[in-house]
Amino acid sequence: MAPRSRPPGGSTVPASRLWRLARLGSMAGGVAGGMLLDGLSEVARGRRPRLEDLLMTPANVLKVTDQLARLRGAAMKMGQLLSMEAGDVLPPELAAILERLRADAEPMPRAQVQAVLDRAWGRGWEKRFDYFAFRPVAAASIGQVHRAQTSDGRDLAVKIQYPGVRRSIDSDVDNVALLLRVSGLVPAHLDVAPLLDQAKRQLHEEADYEREADCLERFGALLSGDPHVVVPGVHRDLTRPDVLVMSYAEGRPIESLESAPQAERDRVGALLVDLALRELFVFRLMQTDPNLANYRYDPATRRVVLLDFGATRAFPPELAAGCRALALAGLSRDREASERALLELGLLDESVPARHRQNVLSTFETALEPILATDVFDFGDATILRRLREDGMAFAQEREGWRLPPVDALFLQRKFGGTYLAAARLKARVDVKTILARYL
């Protein structure tokens with residue numbers, strides 16, 4: 001089922017909290033109505049459908065993604081996170097629909113872009129530019145990016161935040177969480193309040209473009225001596241809390257490397273793995289949104305362009321030490337040491353039933369097995385993903401064993417999971433053990 005086509009001029013971002021709540025309520029009502037009809041149909045056939053089966057139909061997922069893509073902001077961002085986490089365990093037809101949330105959002109119409117820039121830069125700002133493309137080159141959950149050139153010759157990427165995004169974060173997160181709770185997809189015993197608080201904090205940080213400018217400059221300094229990556233420069237004279245202005249970096253989607261020679265795909269895959277480990281163990285500062293759209297590739301220089309540092313997160317030294325202990329235990333096949341490290345990191349605790357603890361350890365060992373078995377790990381081999389998916393689905397059925405891990409661990413999982421999927425997309429073959437040894 002294909003997503004609906006977008007209006008050619010884009011759609012206005014709803015900035016009013018009441019209007020955004022009404023949109024979410026309308027979405028929930030449409031989904032509920034579809035569930036009722038589907039449920040009655042199933043009962044008429046003599047079946048007793050499960051709530052989850054009625055909720056996660058292609059028609060209902062399409063309703064959700066369509067509304068979240070129109071709302072943008074925190075509502076769409078949460079949908080993106082859910083799709084990244086669940087995309088590999090959902091049926092293919094549902095995963096294909098959720099893919100829309102990882103692609104471009106609907107852009108703002110020109111009049112709304114003009115109004116945002118008038119507030120940020122003052123009326124008459126156009127005189128400072130030789131060229132400004134009102135048609136965006138990219139549109140994501142929190143903002144969209146435009147190409148521009150100033151009168152003094154600077155080639156720029158201008159990231160403009162959607163109106164009302166910052167004000168709507170808390171209510172968007174609460175409303176999406178309520179929909180998940182009411183749907184029954186989140187177990188009643190699971191206390192998600194700490195996670196929701198962290199989600200709100202993270203999204204408020206992502207919506208602060210002056211903070212993102214600081215993170216861009218920090219990463220630019222940390223990676224200044226690396227000839228393999230590019231971090232755009234910040235133009236402070238034009239940057240505002242709602243407008244981030246960067247030097248434009250040439251590049252193609254990193255997926256364009258799928259047709260490149262194997263050696264080049266291997267090199268870039270190794271680079272992404274090494275960068276994730278360097279961020280954890282050396283910088284202790286991590287860009288935690290490994291969406292493919294945040295990586296570009298410049299074929300002229302063979303460098304990877306790094307984009308979108310709004311989700312940058314600093315980690316304490318203890319976390320890096322705990323991850324190092326876990327990696328060493330896993331590489332030495334020491335199950336007791338692995339369990340101690342998982343307990344120390346908060347990924348296990350004494351309240352978790354013994355069988356669940358063994359399941360977690362077994363899944364950890366499953367993930368390490370192919371890396372230990374060979375010098376070069378083939379990310380293109382889907383065998384390990386299938387096994388992990390089967391383990392995850394089996395574990396998900398036993399809801400009384402669900403526990404929320406520490407928030408830092410969730411961000412790490414997101415980063416390394418996304419890095420794995422990027423390397424898998426490239427079908428890269430990487431000597432992971434040698435790269436990991438540099439940091440252990």
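Which strands does α10 lie across, and at about what angle does it run to β9? The views below take this up. This is a predicted model, in which local features need pLDDT of at least 70, side-chain atom pairs count only at pLDDT 80 or more, and totals for chains, interfaces and linings use all residues. Residues are numbered from 1 along each chain as its sequence is written, and side-chain values use heavy atoms, with hydrogens and water left out.

**View 1. Helix α10 on the strands.** α10 lies across β5, β9 (295–298) and β10. It runs at about 140° to β9 (axes fitted to C-alpha atoms, for helices over the stretch in contact; angles from 0 to 180 degrees between N-to-C directions). Helices (H or I, at least four residues) and strands (E, at least two) are DSSP runs, numbered from the N terminus.

**View 2. The open sheet.** Four strands, with mixed pairing, follow the order β5-β10-β9-β7. Pairing requires at least two DSSP bridges between two strands. β5 (229–230) and β7 (252–253) are the edge strands, each pairing on one side only. β5 and β10 (residues 303–306) run parallel, joined by 2 bridges. V229 has V304 as its bridge partner in β10.

**View 3. R303 in β10.** R303 lies in strand β10. R303 counts as partly exposed because its relative accessibility is 30% (buried is under 20%, exposed over 50%, partly exposed in between; 1.4 Å probe, protein chains only). Its C-alpha atom is separated by 4.8 Å from that of H228, 75 residues apart along the chain. Beyond neighbours within four places in sequence, R303 contacts residues including P227, R296 and D298 (heavy atoms within 4.5 Å).
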